[in-house]
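The following paragraphs lead the reader through a structure, beginning with a local feature and ending with the chain as a whole.

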Amino acid sequence: MMQNILEKTLEDHRYWTKEGAVATYIPELSKQKIDALGIYVHEVNGEVYKAGDWNMPFTIQSISKIISFICVLQDNSIDTLYKKITVAPSSDGFNSIVNLETKNEHRPLNPMINSGAIACIELVRGNTLEEKYERILNMIRSLSNNPYIKVNESVYLSEKETGDRNRALAYFMKSTGTIETNVEELLDAYFRLCSIEVTCEDIASIAAVLANDGKGIIDGRELISKKICKTVKAVMTTCGLYDGSGEYAVSVGVPSKSGVGGGILAVSPGKMGIGVFGPSLDAKGNSIAGVKVLESLANKLDLSIF
Ligand SMILES: NC(=O)CC[C@H](N)C(=O)O
């Protein structure tokens with residue numbers, strides 16, 4: 001039954017891949033296959049279902065922000081976090097700089113937008129930025145249960161070469177004291193994390209752990225505490241699709257995180273992790289077909305948390 005639902009949902013919404021556009025501000029991403037569409041469902045009972053281009057690799061992009069955030073929460077108290085970064089939703093785009101100057105005592109509004117995610121990396125445990133980056137990469141590997149996950153070097157180089165907006169955000173944060181470390185090394189870690197290559201299976205498996213209150217699906221071992229899972233799901237719900245989060249909460253209602261690579265990781269608490277991929281994006285940087293597929297699935301399976 002689930003298999004049929006997934007196939008039918010992709011078929012019914014495939015035409016949405018013709019809307020919007022693939023990200024071009026990172027030149028390497030413009031080479032993506034615009035009509036790709038895939039889904040993977042990983043239930044907390046261990047059952048898996050997949051359809052379409054579920055096995056096509058894409059870069060994780062902003063979905064890595066939830067993994068950095070998990071590491072930050074494991075390594076710091078929430079009050080230490082709040083001194084640097086808050087958890088307030090933003091009505092501006094994911095790479096907006098304006099709030100850093102005018103609001104929130106120069107702190108990034110939340111860890112799901114670029115400024116907040118860049119600042120988060122510095123708070124992760126590790127003596128060097130290389131160690132902090134390795135810690136987050138290893139967390140991605142362990143939550144997805146895929147030790148082979150690695151960076152797509154061409155996307156990484158493309159991001160590094162063209163990432164001037166992120167550079168501007170980071171240098172601004174250095175000037176206000178939010179960032180205290182070497183900005184170029186911090187950005188390097190950020191660009192690498194965004195360029196990590198995954199499939200729908202990988203992100204669905206990460207989502208399944210969050211859906212399972214932080215416990216591994218196979219062995220039930222605690223990978224993330226239940227308390228941290230709650231925090232992460234709350235911030236995904238309010239900020240995970242940037243300035244599109246409110247509308248998404250109404251239409252889908254499932255804690256999720258998107259990335260400009262076209263992926264969306266969705267967590268249906270107690271039920272399943274879902275990974276969707278469709279590289280054509282709306283103006284806010286969210287996968288158009290991905291959102292439509294998740295909306296339809298959430299309706300059919302009554303997944304909204306509200
Ligand atoms: N929304 C995103 O996925 C943004 C990530 C992208 N690497 C950037 O920094 O612009």
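Strands E1 and E2 form a hairpin with four residues between them, and Gly46 in the turn has a positive phi of about 100°. Strands here are DSSP runs of E, at least two residues long, and helices are runs of H or I of at least four residues, numbered from the N terminus. The model is a predicted one, in which local features need pLDDT of at least 70 and side-chain atom pairs count only at pLDDT 80 or more, while totals for chains, interfaces and linings use all residues. Residues are numbered from 1 along each chain as its sequence is written.

E1 covers residues 38–43, and its pairing with E2 is antiparallel over five bridges; strands pair if DSSP finds at least two bridges between them. Val48 in E2 is the bridge partner of His42. Because four of the five residues of E2 (residues 48–52) are buried, this strand is largely enclosed by the rest of the structure. A residue is buried if 20 or more other C-beta atoms, placed from the backbone, lie within 10 Å of its own.

Turning to the ligand, domain 1 (2–60 + 199–300) and domain 2 (62–194) both give residues to the shell around it, so the ligand lies between them. The domain bounds come from an automatic or database domain assignment.

In the protein chain overall, the secondary structure comprises 13 helices and seven strands. Buried residues make up 54% of its 306 residues. The C-alpha atoms fill a box of roughly 55 × 40 × 35 Å, taken along the principal axes.

Terms used
A residue is buried if 20 or more other C-beta atoms lie within 10 Å of its own, exposed if 12 or fewer, and partly exposed in between; C-beta atoms are placed from the backbone.
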